[in-house]
Amino acid sequence: MANNQVPLTDSYTFALTGNPNCGKTSIFNEITGANQKVGNWGGVTVDVKTGSIRRTGAKLYFTDIPGTYSLSAYTMEEIVARDYIINGNTDVIIDVVDSTNLERNLYLAIQLLELGKPLVLAFNMYDELTRSGTRVDTEQLSHLLGVPICFTVGRTGKGIDTLLDTAVQVAKDSYPTQHSVNVQYGPELEEAIEKLSSLLDQIDFDRRGIEMRWYALKLLEADEVITKQVQELSGSEAVLSEQQAQMERIEALYHEDAATLISEKRYGFILGAMGETVKRAPVDRIGLSEKIDGIMTNRFLAYPIFAAFMWLLFQATFTLGAYPMEWFESGVAWLSETLQAAMNPSMFRSLLVDGIIGGVGGVLVFLPNILILFFGISILEDTGYMARIAFIMDKMMHRIGLHGKSFIPLIMGIGCNVPAIMAARTLESNRDRILTILIAPLISCSARLPVYILFAGTFFPRNAGNIIFMLYFFSFFFAFFMGFLFKKSLFKGEEFPFVMELPPYRVPTLKSALIHMWEKGKHYLQKMGGVVLIFSIVIWFLSNFPVQTEVTQQYDQQINNLETRIAQTYSESSEEKLSYELEELRTEKHREIMKNTYIGKSGRLIEPVLRPLGFDWRMGVSLITGFIAKEVVVSTLGVLFTVGGEADEESQVLQNALRRAYTPLTGLAFLFFVMLYTPCIVALVTLVREVQSWKWSLFSLGYQIALAWTIAFLVRWGGIVLGFA
Amino acid sequence: MDTPLSLCREGDRVTIKKLTGHGGFKKRLLDLGFRKGKELTVVRYAPLRDPMEVDLSGSHISLRVEEADHIEVTPTSETHGK
């Protein structure tokens, strides 16, 4: 926290704020490097990044809060941002300003000024401003606003040293030009502000170090959060009736609501200050960004280009990702083989090799895919193309009652449903958010890919790529279809505004893409390390206990007999035949034991439900464990089908075993089931937290299982009727 | 003469006369820089004719056509649309 009680070392906390797309995050990355932590703020799951550095004997803590256009707190991220600014324990607020868009960016700065907290403005992308020929008299502007102004270029790190020096100076209260400047709202509004402020004072409203004037303004703007905060206090009736009276009085006087008038005054103040200090160069209307957009959002080219980018992202993730995947695979195989050879057969070896390495290793091999995918998504975001996707997709998304922005969480879902569900937070209305979250898990996440690869590779080796592409296509189809259905049934009613910014195209920085990629990779590994490791052990236990001594002994005896016969025989052909029998016997032994373990029992318990789909108890077991994490479906099938003690090319053994056990049609039905049924536990936990309603959580759980069952049923019986059995 | 922004064509240059929306939507417009007296240019419509994109002194904002109904504008200069 700020100013902790250690007297010898100074420590200061800074909050980085600013409009979306102002380059705030690149400044944050530039300051803290990869030394960041992502955390949540106040119970909601909006990411708030923190990082710290040491600088000239002081410890500096930074928080990168979500971008916001103003302090009116409209989206959930903006509510979080404002909450942090008001209630967070920061010494200095650093407002990152996009120099190329001063008017709108200063609109936030003005509101931060009104808070009365120590503030430093960082005029970012200053190089672009200079290049455009516009000149700003920053000394004068700094004087007019009463705050220090620094120049930064986030992507190169230029000016950040000065920014830090200034911020520390302000934190130490030793910066010379600080004085308070207030926007004057005119006699009528000022009277209202005055009255409300003094009434708030009278009821002992806790202003948390912020000017009471700011709260009065918020009341006049009919701010819901602040009004609620006041309502909870005793004696608030006087304030609230005054609020009502003043708003009505102002509206009667000006034929305009107070919020609009306040906003106009703020813009007036900004324009006044800019008029004195900014010399604008004649603007070249058709900039490079505009030229690019002429192509990217062109009536005929937009969708082919979009499809091409998606195809590229796919190829990079899955084709390019296949190489490091192979290295991982052989590494894991080598490790299990080595351990297998080095250790004596025991329960512990079995736990280590079959349970832990088998389970976790099977998940680890997909890390390259995830890294490449998120690298790509980060590039899409940083270039500004993500916003164009929303722009060209809105009409279609709107049809199913969603926002163009909903397409982004859905795309993210290809990587992982967890960030996808979280990305739905960028949607303003609760309705849009819940609808998006309900359908987002239908999008095939990368954890489902191992299952796809295994089954498509096993049953459709010639068309594996096409089958996988079809699955992705259908996952989007079902998401849209269910969205449409929900809109027509559960979510009838008003929709939320779409208005959003299309930021200029920018060259993405490698650093930011790498940091983003690293964060996602880390998240995936943490999930794997924790949840999957624990459950790999649990599954190993469930699939090895209770120990069935009797059955084992029976089979061991038969196996022994066979082995003796093999040793005694001299005919090559009969030896071959006996060896084959031995192999069969070993598999049978394994299967018989499995059947009576805890996990086999649970699989058989649900088998009657899965029978109509052509699934057996082993598929049932793998689906149950798939609830833990979808990729676990593969490792479970691995454990269930692989004869213990045989650790060759694991996947090859598994593929052969699967091919013997199921028809391609059953394999396809299983693929559809895995595609549609309940997401993994992490996604489900995220979902519960995000929708904040048990009703919706249970609904989501239930409808997905029902949908998965129905579609798998249709695939199987459709196939049988059409003669593909 | 005031017309809703939604009736403007690509390339039209107009001045905002009034915002007629309500509550959160109107605040959002204000936060993004839509205010009385502000000039804007209609840049384009999305490939499916909705939403539309406007240039608000260098910052590009997209909004649905039905939302643009709530922004009353008047032509600033000769339109140079298609």
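**Figure 1. Pairing of A:Glu501 with B:Ile61 across the two chains of a predicted model.** In β5(B), B:Ile61 is the bridge partner of A:Glu501. β10(A) and β5(B) run antiparallel and are joined by three bridges; strands count as paired if DSSP finds at least two bridges between them. Helices (H or I, at least four residues) and strands (E, at least two) are DSSP runs, numbered from the N terminus. The model is predicted, and local features need pLDDT of at least 70, side-chain atom pairs count only at pLDDT 80 or more, and totals for chains, interfaces and linings use all residues. Residues are numbered from 1 along each chain as its sequence is written, while chains are lettered from A and ligands numbered from 1 in the order in which they are written.

**Figure 2. The open sheet of seven strands.** The strand order is β10(A)-β5(B)-β4(B)-β3(B)-β2(B)-β6(B)-β1(B), and the pairing is antiparallel. The edges are formed by β10 (500-502) of chain A and β1 (3-4) of chain B; each has a single partner strand, so one side of each is left without a neighbour in the sheet. Helix α17 (residues 385-399) of chain A packs on the sheet, where it touches β10 of chain A as well as β4 and β5 (59-63) of chain B. Residues are in contact if their C-beta atoms, placed from the backbone, lie within 7 Å. The direction of α17 makes about 120 degrees with that of β10(A); axes are lines fitted to C-alpha atoms, for helices over the stretch in contact, and angles run from 0 to 180 degrees between N-to-C directions.

**Figure 3. Strands β3 and β4 of chain B and the loops that follow them.** Strand β3 (residues 39-45) of chain B runs antiparallel to β4 (residues 52-56) of chain B, and four bridges join them. B:Val42 has B:Val54 as its bridge partner in β4(B). The loop between β3 and β4 of chain B contains B:Pro51, and the peptide bond from B:Asp50 to B:Pro51 is cis, with omega near -5 degrees. B:Ser57 lies in the loop between β4 and β5 of chain B. Phi of B:Ser57 is near 40 degrees, a positive value in a residue other than glycine. B:Ser57 counts as partly exposed because it has 15 C-beta neighbours inside 10 Å; a residue is buried with 20 or more other C-beta atoms within 10 Å of its own, exposed with 12 or fewer, and partly exposed in between, with C-beta atoms placed from the backbone.

**Figure 4. Crossing of helices α3 and α11 of chain A.** The axes of α3 (residues 102-115) and α11 (residues 258-277) of chain A come within 10 Å and cross at roughly 120 degrees. α3(A) and α11(A) are therefore oblique to each other; angles under 35 degrees count as roughly parallel, over 145 as roughly antiparallel, 65 to 115 as roughly perpendicular and the rest as oblique. Residues in the contact include A:Leu106 and A:Ile110 of α3(A) and A:Phe269 and A:Ile270 of α11(A). In the loop between α10 (236-254) and α11 of chain A lies A:His255, whose phi is near 55 degrees. A:His255 counts as exposed, with 7 C-beta neighbours inside 10 Å.

**Figure 5. The side of chain A that touches chain B.** In the interface, 29 residues of chain A are in contact with 29 residues of chain B. The largest share of the chain A side, five residues, comes from α11(A).

Definitions and conventions. Contact = placed C-beta atoms within 7 Å.
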